[in-house]
Structures are given as C-alpha cells and as structure tokens.
Amino acid sequence: MNTKDFDFDLPEELIAQTPLEKRDSSKLLIIDHHKKEMTDGHFDDIIDCLNPGDALVMNNTRVLPARLYGEKLDTHGRVELLLLKNTEADQWEVLAKPAKRLKIGSQISFGDGRLKATIIKELEHGGRIVEFTYEGIFLEVLESLGEMPLPPYIHEKLEDSERYQTVYAKENGSAAAPTAGLHFTQELLAKIQAKGVHLVYLTLHVGLGTFRPVSVDNLDEHEMHSEFYTLSEEAANKLQEVKESGARIIAVGTTSIRTLETIGNKFKGNIQADSGWTNIFIKPGYEFKVVDAFSTNFHLPKSTLVMLVSAFAGREFVLEAYKHAVDEKYRFFSFGDAMFVK
C-alpha cells in the first residue's frame with residue numbers, strides 16, 4: 001500500500017485551534033464497520049457505546065512543559081530546546097533550534113542560570129543529547145521555566161495549559177498529549193464506572209514522532225518512532241479477566257491501542273504486565289489481538305494514525321467516514337471532535 005492511499009481533502013478551517021469550553025461537549029461520530037453504518041452524536045453519547053463488564057483503557061501519561069527558551073552562554077544567541085525523552089540521569093534527547101550552532105560542548109542557560117544544558121552528543125535532524133545541571137528537583141524547575149509543546153498545526157496560544165492534559169494525567173513523560181482522552185471529564189468517567197464498565201489505566205509516553213509525516217511512498221519502508229510504555233500487573237490481570245469473560249476491551253486513543261497490541265503480540269494474544277519500548281506500525285492487513293473497539297480523534301491526511309484506524313475498520317469505509325466528518329464540519333486534530341469505532 002502507498003501513503004497516497006490515505007489522503008483526503010481537509011479544509012484548514014476545520015483544524016481546531018482551541019479546546020471547547022466543556023471537554024465532553026465535542027461531537028462524536030459513531031462508526032460500525034461491520035454494518036458499514038455511521039451515526040452523528042455528542043461525546044457524552046459514548047456511555048451508550050459501552051456495556052457493563054467492558055474495560056475502558058486510558059493512557060495516563062502527563063505532558064511535560066517540554067519547550068525551553070534560553071541563550072548560549074558564549075554568544076548570548078537565542079536557543080530553543082524541545083525535550084523528547086529522558087535517556088539517563090539528567091541527560092535528555094532534545095530537538096534543538098538553531099541546531100547548527102549547537103556543537104558538542106556548547107552551553108545554554110535558561111531562567112537566568114537556574115537551569116543549564118551542555119551539548120554532549122549530536123544526532124540527526126536537529127537532535128541533540130544534552131546534560132542538565134540545576135538545583136532542586138528537575139520537574140519543578142521545568143514546570144517553572146518550560147512551555148507546553150503544542151502540535152505544529154495549532155497557532156493559537158493556549159490560555160490554560162491543563163486543557164492539553166487529560167483529567168486523569170498522572171505519569172510525567174510525554175512530549176504530546178494522548179488527545180483522544182481530552183474529551184473525558186471526571187463526571188463522565190464516574191457515570192461510565194457506575195454503569196459497570198471497568199476503568200483501566202496504562203502509560204505510554206507520547207513522542208513527537210506522532211506528528212512526523214510519512215516521508216516514503218511505500219508503507220513497508222516507513223520506520224516508526226519508539227515510545228516507552230508500562231502496563232501494571234493489576235491492570236493486566238483486570239484486562240485478561242475481561243477478555244476471558246467475553247466482554248470487550250475498548251481503547252481510548254491510538255496510544256492505548258499501540259500499547260495493548262504490542263503486549264498482545266508479545267504474549268500471543270494474552271495480556272500480561274509489561275514495560276518497554278514499542279515501534280509497532282499498525283496498518284491495513286494487521287490482525288488485532290486485544291482491542292475490540294476504540295475512541296479516537298480525527299487525524300492528519302496520510303498519517304500513520306489514519307492507517308491504524310483503517311487497519312481496524314477498512315480503508316474505504318474510514319475515508320468515507322472522514323469525508324462525512326468534513327462535510328458535517330467536524331473539528332479535526334488535538335482539540336477537535338472524536339469518533340467511536342466498533
């Protein structure tokens with residue numbers, strides 16, 4: 001299959017720039033790929049898509065305020081770093097601008113010297129490994145100096161940074177939000193739980209690779225980025241119990257899907273506690289081992305995320321659903337509307 005097979009027309013005005021006032025007031029397109037039916041609704045209708053005994057699986061990663069602005073100590077030139085992942089101790093892989101001026105040994109100061117970074121390794125595409133020095137607790141320093149790294153297609157300033165976090169965000173480590181979860185409120189989750197649905201959490205720290213376009217024509221040549229995941233023993237046992245009962249495992253977002261399917265592949269369809277790095281690329285032809293249904297936002301044309309949804313529900317039907325969403329003026333991407341796929 002080719003990348004162009006997942007292209008579609010998307011008017012720029014449908015890219016949501018700001019979150020709605022109420023998280024769960026977004027629209028929800030419910031698609032049934034078995035019956036080839038689609039229904040327009042509102043996000044709180046998701047409770048009607050869930051049955052007692054099902055498990056709703058959510059990614060509880062928390063986005064770091066990972067964009068830092070500082071200056072080179074020798075030239076006082078302005079520098080921007082975007083933290084991608086913690087490699088060891090106080091060392092981080094970052095995207096640097098302007099990277100060509102940041103050689104090994106270059107030093108950068110942030111917040112009048114409260115945080116300093118030294119370049120210790122050069123990587124491709126503007127990547128660097130830096131070592132930070134600071135006093136106190138790193139995450140507290142980062143909270144005071146860093147900015148939320150919104151996706152490149154969002155141009156409006158976010159007034160409340162918590163709106164780019166899920167209400168259940170807990171584990172620090174992401175460079176981007178698991179945006180399918182942004183629609184949930186604590187009240188809606190309480191109603192879902194009261195219906196007899198099990199709420200289960202896993203962690204996958206989202207990397208910026210999730211926004212990188214597919215640069216090859218042939219999908220077999222595309223290399224996925226790696227992301228770190230964790231599934232606890234308690235969560236794994238609950239999911240295996242739900243699976244054996246015949247109830248459904250319903251993932252919130254593509255990050256939850258990728259984690260569950262990575263584990264399902266590793267343990268031959270069973271679910272066990274596990275952690276590690278995954279670069280799973282789910283595209284048409286993939287056979288799902290764990291996930292029975294899922295919610296997700298509307299994604300970029302030609303993205304690996306559209307390919308994942310197409311692997312589950314069929315490329316032609318998914319593109320038909322996307323055309324419907326465009327015609328009905330659904331809002332797209334991180335702060336946009338959602339779809340429930342069963």
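This is a predicted model: local features need pLDDT of at least 70, side-chain atom pairs count only at pLDDT 80 or more; totals for chains, interfaces and linings use all residues.
Biologist: Is Thr-185 buried or exposed, and which residues does Thr-185 touch?

Modeller: Thr-185 is buried, because its relative accessible area is 12%. Contact means heavy atoms within 4.5 Å, and, not counting residues up to four places away in sequence, Thr-185 touches Arg-23, Asp-24 and Val-167. Thr-185 sits in the loop between strand 11 (171-174) and helix 2 (186-194), where helices (H or I, at least four residues) and strands (E, at least two) are DSSP runs numbered from the N terminus. The C-alpha atoms of Thr-185 and Lys-22 are 8.7 Å apart, although 163 residues separate them along the chain.

Biologist: Is His-155 buried or exposed?

Modeller: His-155, in the loop between helix 1 and strand 11, counts as exposed because its relative accessibility is 60%.

Biologist: How do strands join into a sheet, and in what order do the six strands of the barrel follow each other?

Modeller: Strands of a sheet pair through backbone hydrogen bonds, either parallel or antiparallel. Two strands are said to pair if DSSP finds at least two bridges between them. Here six strands close into a barrel in the order 5-6-7-10-9-8, with antiparallel pairing. Neighbouring strands of this sheet are turned by 45° against each other on average, direction ignored. Helix 1 (residues 138-145) packs on the sheet, touching strands that include strand 5, strand 6 and strand 9 (115-122), and its direction makes about 100° with that of strand 9. For such angles, axes are lines fitted to C-alpha atoms, for helices over the stretch in contact, and the values run from 0 to 180 degrees between N-to-C directions.

Biologist: What should I look for in helix 6, and which of its residues are buried?

Modeller: The expected span of a helix is 1.5 Å times one less than its number of residues. Helix 6 (residues 315-327) has 13 residues and reaches 18 Å from its first C-alpha to its last, close to the 18 Å expected. Its buried residues are Phe-317, Val-318, Leu-319, Ala-321, Tyr-322, Ala-325 and Val-326, and what covers them includes strand 1 (27-32), strand 16 (293-297) and helix 5 (304-313). Just after helix 6, Lys-329 takes a positive phi of about 60°.

Biologist: How many aromatic pairs are there, and how are the rings of Phe-294 and Phe-312 arranged?

Modeller: Rings of Phe, Tyr and Trp (its six-membered ring) pair if their centres lie within 6.5 Å, and planes under 30 degrees apart count as stacked, over 60 as edge-to-face and the rest as tilted. A search of the whole structure finds 18 aromatic pairs. The ring centres of Phe-294 and Phe-312 are 5.1 Å apart and their planes stand at 80°, so the pair is edge-to-face. Because Phe-294 lies in strand 16 and Phe-312 in helix 5, the pair ties together parts that are 18 residues apart in sequence.

Definitions and conventions. Residues are numbered from 1 along each chain as its sequence is written. Side-chain values use heavy atoms; hydrogens and water are left out. Buried means under 20% relative accessible area, exposed over 50%, partly exposed in between (1.4 Å probe, protein chains only).
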